Amino acid sequence: MSTPAIAVEHIVKRYGDFEAVKDVSFSVAEGEIFGLLGPNGAGKSTLIRMMTTLIPLTAGKAIVAGHDVAKEADAVRHLIGVIPQALTSDPDLTVEENLSIYAKLYSVPKAERVKNIAEVLEAVDLTKWRGAQVKTLSGGMRRRVEIARGLVHNPSIFFLDEPTTGLDPVSRIAVWEMLSNLRAKRNLSILITTHYMDEADKLCDRIAIVDHGKLVALGTPIELKHSVPGANVVEVHFDRETPEWQARLECLDGVTSVQAESEGFYRVLTSSGSKTTMQLVELAASLGETLTSLSVQNTTLDDVFVHYTGRQLRDEQVKPPVFTLPPRPGAQP
Amino acid sequence: MIRMFAIVEREMRKFFRSPMLMIMSLMMPILQLLIMGNAFGGKIVGEKIAVVDYDHGPQAVRLREAFDSIAVNIKTFTTVDYTDEVQAREDVRTGKINAAVIIPKQYSRRVYAQDKPVIGLVVDDSDQFSSGSIEGEMQSVVAALTTPVIQPRMASQIALEIVELYPYVNYLKFLLPACVAMAMYISVMIGGGMLYIDDKARGVHEGYLVTPITKLELVFGLNLAAAIKAVLAGICLTVIGSLIAGLGVIFHPVADLELLAMIIVTAVAFNGMMFLLMVRVDDPLTPRAMFGVLNMLLFYPSGAMYPIAAFPPWLRALSVIDPFTYCIDGFKAILLKDGGFTAIRFDLLFLFVFGIGTLLIATPLFKRTL
Ligand SMILES: Nc1ncnc2c1ncn2[C@@H]1O[C@H](COP(=O)(O)OP(=O)(O)O)[C@@H](O)[C@H]1O
Ligand SMILES: [Mg+2]
């Protein structure tokens with residue numbers, strides 16, 4: 001087995017009394033796309049910032065590209081590309097100027113700079129827009145500028161903090177495809193954070209679920225889904241709410257858990273979707289209750305998340321960030 | 001080095017692409033020069049004065065002739081005849097007229113008898129400038145009337161001409177050094193302080209910090225860029241301001257070199273100070289809130305608006321450590337007094353040492369991490 005691209009051992013980050021990251025360990029293999037999945041405030045950005053030398057670790061050890069981030073920060077910085085959560089390309093400068101300035105910050109020599117910029121622009125499909133001021137681009141294009149910027153110095157490990165937050169579904173999928181292609185072509189290892197389940201599921205080879213600073217589950221999307229008791233999810237919507245349904249559903253064959261979602265709406269995890277469905281329909285008929293809808297699906301990462309954290313990702317209150325500037329006039333959302 | 005210049009390049013490209021910063025740093029000082037220079041420098045004209053004459057004697061007539069000649073010549077005031085003192089006082093109080101002169105009964109007789117002749121003057125002293133001006137004019141009229149006729153006319157003629165030749169340029173010129181300093185201060189405040197904190201809040205620095213750039217390269221890059229912007233603002237205002245004020249000094253190459261030296265060390269000093277103040281600030285509101293306070297603490301104690309000689313001791317002490325003081329002193333020496341290099345060398349030295357000193361203190365405080 002080759003040395004991992006990233007190895008994180010028991011890292012902790014404390015802000016005063018508050019522990020933002022609590023004893024997290026994982027490793028990312030070379031060429032892997034690794035996802036850190038968790039709600040807002042879980043500690044994903046804090047983790048990325050420790051791995052990318054932006055903030056010191058309180059305890060533990062992080063080895064990135066073979067170098068200890070605490071002792072050889074400079075070596076690490078040369079080998080990684082980082083896209084912070086905020087859009088940080090300069091809106092007043094053109095796409096090419098932004099890339100050129102970053103290449104210079106990495107001391108990429110002139111000839112190589114020109115070649116690299118042309119290559120990354122091609123890779124993110126922005127060659128046509130190289131002379132456009134960044135503020136004139138759409139949100140999805142701005143993200144692609146950021147991605148290109150993170151790659152101008154040919155890093156071997158790429159960190160992206162929520163690269164698709166705020167993008168429309170089409171742009172999100174474009175970003176996923178772009179990252180998959182880049183990984184294949186450039187032999188990149190990618191660490192990405194997200195709070196989108198579907199994104200983690202489709203894009204990542206392995207996922208670490210983070211909640212309240214703790215790593216609660218780690219594995220491939222399939223492993224994670226299998227680790228949840230129950231193979232299917234039955235979603236059922238009753239005509240009217242009766243409190244007894246919770247208990248009644250739990251008694252059906254194969255059912256491992258029942259979550260009440262809203263008035264008369266339940267998500268039932270079961271080892272056998274078909275059996276549970278049949279019994280459910282019969283039971284409802286015998287009681288004279290009406291179903292408004294019924295569906296059977298495979299378990300998703302949502303269920304995995306609920307299983308490990310006891311709550312739903314989508315219910316999480318989106319915490320406002322500590323401070324944000326109002327958008328600049330002319331800036332694209 | 002290439003990394004430091006990348007930072008400078010970014011700042012300068014941004015600077016030239018959005019000229020708003022430059023316009024903003026020049027706009028206020030130029031307006032200050034034009035409006036304050038004209039508003040405060042002018043002399044009072046066109047005040048209205050009531051004359052209540054209870055005497056009607058020959059001396060009263062002389063007095064009124066003197067008033068008429070003021071109305072025609074320096075135009076400080078014109079006179080209106082009133083018959084009733086009470087009405088005149090009331091009109092001064094309500095602002096209908098600016099002052100009232102009361103010539104009492106027996107005035108002429110008392111003058112001839114040399115029996116302490118007195119003229120009453122009612123002024124609205126809520127406006128010190130106008131009332132002071134009228135009082136001054138009255139004093140000189142009275143003084144003229146009690147001495148031989150020819151001499152005071154000559155004297156007042158001469159005094160009159162000096163005022164008329166330079167109606168307000170004196171104060172405008174006096175203000176110019178302050179306005180150059182102000183332009184550079186605003187440039188450093190916005191182009192150095194505010195943009196720096198905004199970039200921090202927006203995450204631009206996070207983008208820098210993940211690259212291999214060193215702390216020194218980042219600090220010097222940011223400061224060099226901010227200083228260049230301040231130098232450009234200083235040059236623009238010196239040229240524009242000199243033309244407005246009608247100062248020809250800028251057409252002398254040696255004076256230009258001296259001015260450039262002053263502008264550069266001023267940029268270094270202001271920028272070093274600003275960087276020290278901002279190095280640990282994260283909240284973009286802080287520099288905005290500090291703007292006015294700093295302006296007050298630095299600008300007014302510097303002798304920019306009023307001579308330091310008139311300050312109480314504590315304010316003088318403040319002016320000693322205020323870089324504005326040296327900046328304004330230096331610019332005055334070149335622009336207004338043509339003092340040459342010797343006159344500004346201490347200012348140059350102070351500003352340079354101040355700038356480098358603050359930068360040296362700030363650098364270790366700068367965090368290479370978030
Ligand atoms: N500089 C800081 N000081 C104090 N608390 C912080 C700081 N940065 C982040 N935190 C806290 O750490 C937790 C994790 O934040 P973060 O890593 O940004 O979460 P995520 O990226 O998963 O949304 C949050 O509760 C946040 O408030
Ligand atoms: Mg985050």
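Biologist: Why is Ser45(A) called buried?

Modeller: In this predicted model, Ser45(A) has a relative accessible area of 16%, and since buried means under 20%, Ser45(A) is counted as buried.

Biologist: What makes Gln85(A) count as partly exposed?

Modeller: Its relative accessibility is 34%, and because partly exposed lies between the limits of under 20% for buried and over 50% for exposed, Gln85(A) falls into that class.

Biologist: How do you know which residues coordinate the magnesium ion (ligand 2)?

Modeller: Donors are N, O and S atoms within 2.8 Å of the metal, and the OG atom of Ser45(A) and the OE1 atom of Gln85(A) lie at 2.0 to 2.3 Å, so both residues coordinate the ion. The pair links distant parts of the chain, 40 residues apart, with Ser45(A) in helix H1 (residues 44-51) of chain A and Gln85(A) in the loop between strand S6 (80-83) and helix H3 (95-105) of chain A.

Biologist: How do the axes of helix H1 (residues 2-17) and helix H10 (residues 215-245) of chain B meet?

Modeller: The two axes come within 8 Å and cross at roughly 35 degrees, and H1(B) passes H10(B) in a right-handed crossing. The residues in this contact divide into 14 nonpolar, 1 polar and 4 charged.

Biologist: What makes Gly221(B) of H10(B) part of that contact, and how is glycine classed?

Modeller: Contact means heavy atoms within 4.5 Å, and Gly221(B) is among the residues of H10(B) that make the contact; Gly counts as polar.

Definitions and conventions
Residues numbered from 1 in each chain as written. Chains lettered and ligands numbered in written order. Predicted model: local features only at pLDDT ≥ 70, side-chain atom pairs only at ≥ 80, totals over all residues. Heavy atoms only, no water. Axes fitted to C-alpha atoms, helices over the stretch in contact; angles between N-to-C directions. Helix = DSSP H or I, 4+ residues; strand = E, 2+ residues; numbered from the N terminus. Left-handed = near helix turned anticlockwise from the far one by under 90°. Donors = N, O, S within 2.8 Å, 3.2 Å for Na, K, Ca; no water. Buried < 20%, exposed > 50% of the residue type's maximum accessible area, 1.4 Å probe, protein only.
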